[in-house]
Amino acid sequence: MWGSGNKVLLACWIQALLLLRLPLSCVCQEVGGCFWTADILSCNGLGLDLLPVGMPVSGVTLDLSHNRLTQLKRGSFQGLSRLKALNLAHNQLCVIQPGAFQNVSGTRLVHLDLSSNQLQVLERHYFSDLPGLEELLLFNNRIVHVESRALAVLARLRKLYLSHNHITDFPFFSLQQNQPHLSLLDLSSNRLPKLPLQDLADLPLSIQKGLYLHNNSLLCDCSMFQLFRAWKQMGFASMTDFQRDHVCLVYGMQRGAVRFFQHERYFEKCDVSVVTAPTQQDSSVSVKVGQALLLHCATALTGHNLTVAWVSPGQEYVVPPGNAGSLNVYANGSLEIVAARAEDSGTYWCMALDQHQQRNETREVNVTVVVHRHGRHQEHFNTGFTTLLGCIVSLVLVLMYLYLTPCHCPTCPTTAGLTGPTGSQDRTLGCIQTSILSPTPPNTTGGPGHKVSTNKHVVFLEPIKEQQNGSLTAGPTLHNSAHLKTHQK
């Protein structure tokens with residue numbers, strides 16, 4: 001019987017063999033100032049103020065970043081039916097006309113980067129032709145308003161980055177049903193003065209976990225503090241990773257900003273027992289040893305006549321205010337495990353009784369307390385070792401494919417520009433620079449504390465430019481109708 005490690009090794013070998021069966025021809029080509037290799041077209045940093053015409057229809061990745069584009073007209077990307085990733089970052093876009101992305105690639109386009117432009121309002125027609133979009137980058141624009149239907153068509157959206165804008169309100173209510181896969185919404189470093197707390201509480205838990213709201217202009221009030229405190233107790237990364245960046249304004253004055261997670265004394269008069277907790281919670285949750293966990297009695301019963309009690313895995317009957325020890329029960333029915341222990345694992349039963357209407361409901365939540373253990377079982381070690389070996393073999397074969405092809409493209413010169421009276425380019429053929437070779441933005445867990453400027457934190461770092469190596473595919477001549485700006489790389 002094959003073990004899991006051997007199966008991984010076999011899969012790595014198969015993957016490497018398939019890569020080696022790819023064509024090994026190497027053709028470098030520069031067309032119209034842009035570089036085209038395989039299915040990647042890069043027009044990065046050429047000073048274009050118009051889109052190039054005659055772009056190859058076989059393109060899968062198109063990089064138009066670091067240019068001077070000011071608008072996208074109807075049919076700008078007509079015919080690019082295979083496009084999956086489009087980078088328009090670092091331009092001067094302020095207008096996107098209806099139909100700009102019409103017939104671009106239907107549901108195939110999954111990554112769109114419009115960051116570092118001059119957009120001011122997200123209108124409802126912007127993304128109506130991109131139902132397959134999964135990652136949308138709009139940070140570092142001048143956006144002040146998001147129309148309620150602007151994101152409605154994006155049913156597959158997983159990540160939305162809107163940090164470093166001027167947003168004063170956001171239609172959270174429109175996300176309740178339209179974005180079932182949304183797991184990251186970055187609204188940090190904006191100008192939100194007050195949050196629609198009920199709309200936030202009604203969001204699916206998956207959206208609440210990935211909602212980033214630090215560095216805003218929130219006014220200090222008990223409701224805001226109570227909601228954020230509940231999220232912190234549930235261990236949401238948006239709260240725990242950016243504690244110093246969560247501030248609120250006392251009496252609406254900028255100089256009265258308070259880091260409320262570090263100075264909770266400003267809210268000591270708030271009644272935390274009536275915390276506005278999320279209305280949804282997974283039926284199974286986990287917590288690390290020593291951490292706090294908040295469980296919610298999310299039943300359909302509400303009102304002042306509601307009585308809530310909990311039964312712990314040890315058959316302990318717990319009612320408000322709790323057992324004055326490891327368990328606390330708040331007036332809204334939430335149960336807090338103050339410091340999780342291994343013996344706190346198990347099923348917790350919540351019983352809600354409405355004495356006025358003579359109705360009752362129950363809910364159960366399975367809690368797993370994660371205990372860190374030193375050492376590993378020998379079988380786990382063997383599985384990990386074979387997995388590592390398989391990946392190393394796969395990596396070596398891929399490198400062989402990339403660098404041992406029959407011909408090699410010349411290395412990129414250190415400078416590139418327009419020289420001579422005829423304007424001939426001194427750019428070496430086959431050298432491509434693009435910042436979207438990988439359509440997925442960097443992992444948000446890799447650098448939550450990194451900065452895009454001196455004082456403002458963002459959820460992820462902007463993609464770093466990379467240089468493409470590998471076999472190239474010849475393509476048709478691309479006539480560039482755009483103005484090429486003479487510049488020094």
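Leu388, Ile392, Val396 and Met400 form a nonpolar surface patch, with about 340 Å² of accessible area together. Areas follow the Shrake-Rupley method with a 1.4 Å probe, and for residues only the protein chains shown count as cover. Patch residues have over 30% relative accessible area and no salt bridge; nonpolar side chains (Val, Leu, Ile, Met, Phe, Trp, Tyr) are joined within 5 Å, like charges within 9 Å. A salt bridge is a Lys or Arg side-chain nitrogen within 4 Å of an Asp or Glu carboxyl oxygen. The model is predicted: local features need pLDDT of at least 70, side-chain atom pairs pLDDT 80 or more, while totals for chains, interfaces and linings use all residues. Residues are numbered from 1 along each chain as its sequence is written, and side-chain values use heavy atoms, without hydrogens and water.

Ile392 lies in helix H7 (residues 378-403). Helices (H or I, at least four residues) and strands (E, at least two) are DSSP runs, numbered from the N terminus. Ile392 is partly exposed, at 45% relative accessibility. Buried means under 20%, exposed over 50%, partly exposed in between (1.4 Å probe, protein chains only).

Two disulfides were found in the whole structure, defined as cysteine sulfur pairs within 2.5 Å. Cys34 and Cys43 form one, with sulfur atoms 2.1 Å apart. Both cysteines are buried. Their link is right-handed, with 110 degrees about the S-S bond. Cys220 is joined to Cys248, also by a disulfide (S to S 2.1 Å). The torsion about this S-S bond is about 95 degrees, so the link is right-handed. Cys220 is partly exposed at 27%, whereas Cys248 is buried at 0%.
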